[in-house]
Amino acid sequence: MKLTARLVLVYLMVGLPSAPVWAKGLDALSDKSPEAAEQQEDKDSSKGEEDPAFGPDKEGDAAEATEASEAGGVPANPPSNALTQRLYLATSYGWVRASRPGGGSWKASGMSDFAVGYRVLPIKSAFNIAATYRYAPVALSGQVNGHSYRGVWETHYLGARADTNLATSVRLVASGELGYLHAALRRTDGLPGENSAARSGAVAAFGVGADYLLLDGGVLAVGPRLCGSYGVATTRQIAVSVGLSF
């Protein structure tokens, strides 16, 4: 009886406290069992296949982006060259002499203009031919048959300009244009005037000159111009032109 009582006491002191510990250890072992690990790997792989962020399309896009960055980050759609080395703006100012076929005397203090052009030939061609638009107003005063006038002749031109390089920094320029002159005049003496003095109509203009190319690639050009227009009115102009190319 004493032996039996001792065994029961040992069991109560050792067996019962260690039972939860052994149970916990078995649970941990069951979680780390090979079967559980394989099931967890299957779940992770199936999740990656279903996730669109890891699909074949996303992987292909990522690979393309990496290749683009390794190649130097060249954009897929480079900017258009439609205006590069083709568009130019120009203005000029100089002395002008004006007259009309109907007679009279006209005096202008000066003449300025504004022009825009677009190159139509290939960039590498020996000659540069550009389609042009030019706005050329002239402020003047005049007398016709004893009547005094003051106002502006406004002319809008459409035409073409051709140029070729004479040297590394010098090029020759020639232009031909057709335009419409609008005479906006008022009488300054208060007397009835003549309609012929304020007549508007067509004109043709021709010009020659030279450009001295400045900055890299001749972006800025400065040079003399000699221009004459003939038609409903006549102007002869000597000017200095400043042009900006893009």
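**Basis.** I number residues from 1 along each chain as its sequence is written, and side-chain values use heavy atoms, with hydrogens and water left out. As the model is predicted, local features need pLDDT of at least 70 and side-chain atom pairs count only at pLDDT 80 or more, whereas totals for chains, interfaces and linings use all residues.

I looked up the largest pocket and noted about 500 Å³ of space in it. A pocket here is an open set of points on a 1 Å grid over the protein atoms alone, where a 1.4 Å probe fits, with protein on both sides within 12 Å along at least five of seven lines. Points are joined across faces, edges and corners, and the volume is the space filled by probe spheres set on them.

I noted 23 lining residues, with Gln 85, Arg 119, Asn 128, Arg 171 and Gly 217 the closest to the centre; lining means an atom within 4 Å of a point. I recorded nine nonpolar, nine polar and five charged residues in this lining. Nonpolar covers Ala, Val, Leu, Ile, Met, Phe, Trp, Tyr, Cys and Pro, charged covers Asp, Glu, Lys and Arg, and the others, Gly among them, are polar. Strand 4 gives the most, with four residues; strands are DSSP runs of E, at least two residues, numbered from the N terminus.

**Strands.** I then followed strand 6 (residues 201–214), which pairs antiparallel with strand 5 (residues 170–187) over twelve bridges; pairing requires at least two DSSP bridges. Leu 178 stands opposite Ala 204 of strand 6. Strand 6 also pairs antiparallel with strand 7 (residues 220–231), over ten bridges, and Val 208 has Leu 226 of strand 7 as its bridge partner. In the hairpin of strands 6 and 7, with five residues between them, I noted a positive phi near 65° at Leu 215.
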